[in-house]
Amino acid sequence: MSTPVSSIRNLGPAFEAACTKAGIPSAEALRTLGADAAYTRLLEAGNRPHFIGYYVLVMALQGRPWNDCKGAEKAALRKRFDALKAGSFDADRSEFERTLNEIGVIERR
């Protein structure tokens, strides 16, 4: 039996729907992937990058309040986020192209 993504503190139904679209069906799958791999999948599934969403995910998987990220830790997460965004999100690629990519018509970048 799997646990819904929204059962993780700070992650609600909208985030759960985004995870489902990205092929992350459960809280267990999300925890196994970890924040960076899961966020990469979300970006590759067409979700727009948002730093707050990324660090909320990191905090959630650590069992911490979403607003617990501050100072040097937040700066380090910003660098990780920027690297994930640069490697996994292409604002010029249309939803149609992303769909073709998902089914293997376009080579993955």
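In this predicted model, D82 and R78 form a salt bridge whose closest N and O atoms are 3.2 Å apart. Both D82 and R78 belong to helix α4, where four residues, about one turn of the helix, separate them. D82 has a relative accessibility of 35% and therefore counts as partly exposed, and R78, at 36%, is likewise partly exposed. Elsewhere, salt bridges with shared partners join R64, D68 and E73 into one network; within that network, the side chains of E73 and R64 meet at 2.7 Å, N to O, and E73 is partly exposed at 29% relative accessibility.

Across the whole structure, four salt bridges are found, and one of them, between the side chains of R80 and D36 (2.9 Å, N to O), links distant parts of the chain, since R80 lies in helix α4 and D36 in helix α2, 44 residues apart. R80 has a relative accessible area of 36% and is partly exposed, while D36 is partly exposed at 28%.

The two helices that this pair connects, α2 (residues 27–44) and α4 (residues 71–88), pack at an angle of about 40° with their axes 9 Å apart, and are therefore oblique to each other. Their crossing is right-handed, and the contact is made by D36, Y39, T40, L43 and E44 of α2 together with R80, F81, L84, K85 and S88 of α4. These contact residues divide into four nonpolar, two polar and four charged.

T40 of α2 touches L84 and S88, when residues up to four places away in sequence are not counted. Because its relative accessibility is 17%, and buried means under 20%, T40 counts as buried.

Terms used: Residues numbered from 1 in each chain as written. Predicted model: local features only at pLDDT ≥ 70, side-chain atom pairs only at ≥ 80, totals over all residues. Heavy atoms only, no water. Buried < 20%, exposed > 50% of the residue type's maximum accessible area, 1.4 Å probe, protein only. Contact = heavy atoms within 4.5 Å. Axes fitted to C-alpha atoms, helices over the stretch in contact; angles between N-to-C directions. Parallel < 35°, antiparallel > 145°, perpendicular 65-115°, else oblique. Left-handed = near helix turned anticlockwise from the far one by under 90°. Nonpolar A, V, L, I, M, F, W, Y, C, P; charged D, E, K, R; others polar.
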